[in-house]
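Please read this briefing alongside the sequence and the structure shown below. It opens with a question and then moves through the topics in turn.

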Amino acid sequence: MGCDVASPQVEKGVVVAILLIEDEDGIVTFVRRGLESAGHQVLVANDGIDGLAMAMSDDVELIVLDLGLPGLPGEEVLRRLRQRRPTLPVIVLTAKDSVADRVANLEAGADDYVVKPFSFSELLARIRARLRSATQTRSDTIAVGELVLDLAARTVTVDGAVADLSAREFALLETFARHPGQVLSQVQLLDRVWGFDFDGSSNVVEVYVGHLRRKIGADRIQTVRGAGYRLAEQ
Ligand code: CA
């Protein structure tokens, strides 16, 4: 199972919401546990209708889609999803191990497929490959004023000087940088940056915002009383 997969530190703080659309509880538990151990945030839908609705969220960066689903079959979820989000990576889980079905799935817009029964490591390898290619087609840097994040190298420069951030600090700053000027609540930040690794201490966001302020400049992350924090747009 997924207990020996890379820690979030090894994953360099990448926080990605993966939507798992699957109706079999055993598979949901097994996949969710493994992906969370690998540092991913996991959302679950147990039928095709909920799955399609959740897939429209911008937070979802990859979908693992079972084909045999109640509500709406996986093939139909995929077809409708492609009309709305043509580039979102989708990995299909299929029990139908035949070449004809695979080809049909790929033509319908799946990026990859895994045949049941599958090992977690196989699924994780496919997910990583899809996320890598999705990242490469996006911009590798985010610039907010004088702050520049290199998402591939996981480095940050402030006015051209490199700031030495831990993986978690980088993940927090990346979350802010993807929403410059927007107030993010403590709950949103916990959810996106810590996910299920959250250790239960209530001031962890405040502590890490403090670390970031020391490293990138105190005025760059503003406290909005009663609401949360935001990255100054400058
Ligand atoms: Ca199923």
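Is Phe 30 buried or exposed, and what is its relative accessible area? Phe 30 is buried, with a relative accessible area of 18%, where buried means under 20% relative accessible area, exposed means over 50%, and partly exposed lies in between, computed with a 1.4 Å probe on protein chains only. This is a predicted model, in which local features need pLDDT of at least 70 and side-chain atom pairs count only at pLDDT 80 or more, whereas totals for chains, interfaces and linings use all residues. Residues are numbered from 1 along each chain as its sequence is written, and side-chain values use heavy atoms, with hydrogens and water left out.

**Overall make-up**

- The chain has eight helices and 11 strands, where helices (H or I, at least four residues) and strands (E, at least two) are DSSP runs numbered from the N terminus.
- Of the 234 residues in the chain, 45% are buried.
- The chain exposes about 11400 Å², of which carbon and sulfur atoms supply 50%; accessible areas come from the Shrake-Rupley method with a 1.4 Å probe, and for residues only the protein chains shown count as cover.
- Among contacts in the chain with a separation of 6 or more, 60% are between residues 24 or more positions apart, a contact being heavy atoms within 4.5 Å.

**The parallel sheet**

- Five strands form an open sheet in the order β2-β1-β3-β4-β5, with parallel pairing; two strands pair if DSSP finds at least two bridges between them.
- Because β2 (41-45) and β5 stand at the edges with a single partner strand each, one side of each is left without a neighbour in the sheet.
- The twist averages 20° from one strand to the next, with axes taken as lines fitted to C-alpha atoms (for helices over the stretch in contact) and angles running from 0 to 180 degrees between N-to-C directions.
- Strands β1 and β3 pair in the parallel sense over five bridges, and Ile 21 stands opposite Leu 65 in β3.
- Strands β3 and β4 likewise pair in the parallel sense, over four bridges, and the bridge partner of Asp 66 in β4 is Leu 93.

- Val 114 lies in strand β5 and counts as buried because its relative accessibility is 0%.
- Leaving aside residues up to four places away in sequence, Val 114 touches Ile 91, Val 92, Leu 93, Thr 94, Glu 122, Leu 123 and Arg 126.
- Val 114 and Val 64 are 50 residues apart in sequence, while the distance between their C-alpha atoms is 9.5 Å.
- Helix α6 (residues 167-177) is mostly covered, with 10 of its 11 residues buried, including Phe 170, Leu 172, Leu 173 and Phe 176.

**The calcium site**

- The calcium ion is coordinated by Asp 23 (OD), Asp 66 (OD) and Gly 68 (O), at 2.2 to 2.3 Å; donors are N, O and S atoms within 2.8 Å of the metal (3.2 Å for Na, K and Ca), and because water is not among the atoms, sites may look incomplete.
- Along the chain, the donors of the calcium ion follow the spacing D-x42-D-x1-G.
- Asp 23, in the loop between β1 (17-21) and α1 (25-37), and Asp 66, in strand β3 (residues 60-66), are 43 residues apart, and the pair links distant parts of the chain.
- Asp 23 counts as partly exposed because its relative accessibility is 31%, whereas Asp 66 is buried, with a relative accessible area of 4%.

**The aromatic cluster**

- The structure holds three aromatic pairs; rings of Phe, Tyr and Trp (its six-membered ring) pair if their centres lie within 6.5 Å, and planes under 30 degrees apart count as stacked, over 60 as edge-to-face and the rest as tilted.
- The rings of Phe 30 and Phe 118 have centres 5.7 Å apart and planes at 40°, so this pair is tilted.
- Phe 30 in helix α1 and Phe 118 in the loop between β5 (112-115) and α5 (120-137) are 88 residues apart, and both are buried.
- The rings of Phe 30 and Phe 120 have centres 6.2 Å apart and planes at 75°, so this pair is edge-to-face.
- Since Phe 30 lies in helix α1 and Phe 120 in helix α5, the pair ties together parts that are 90 residues apart in sequence.
- Phe 120 is buried, with a relative accessible area of 4%, and Phe 30, Phe 118 and Phe 120 form one aromatic cluster.
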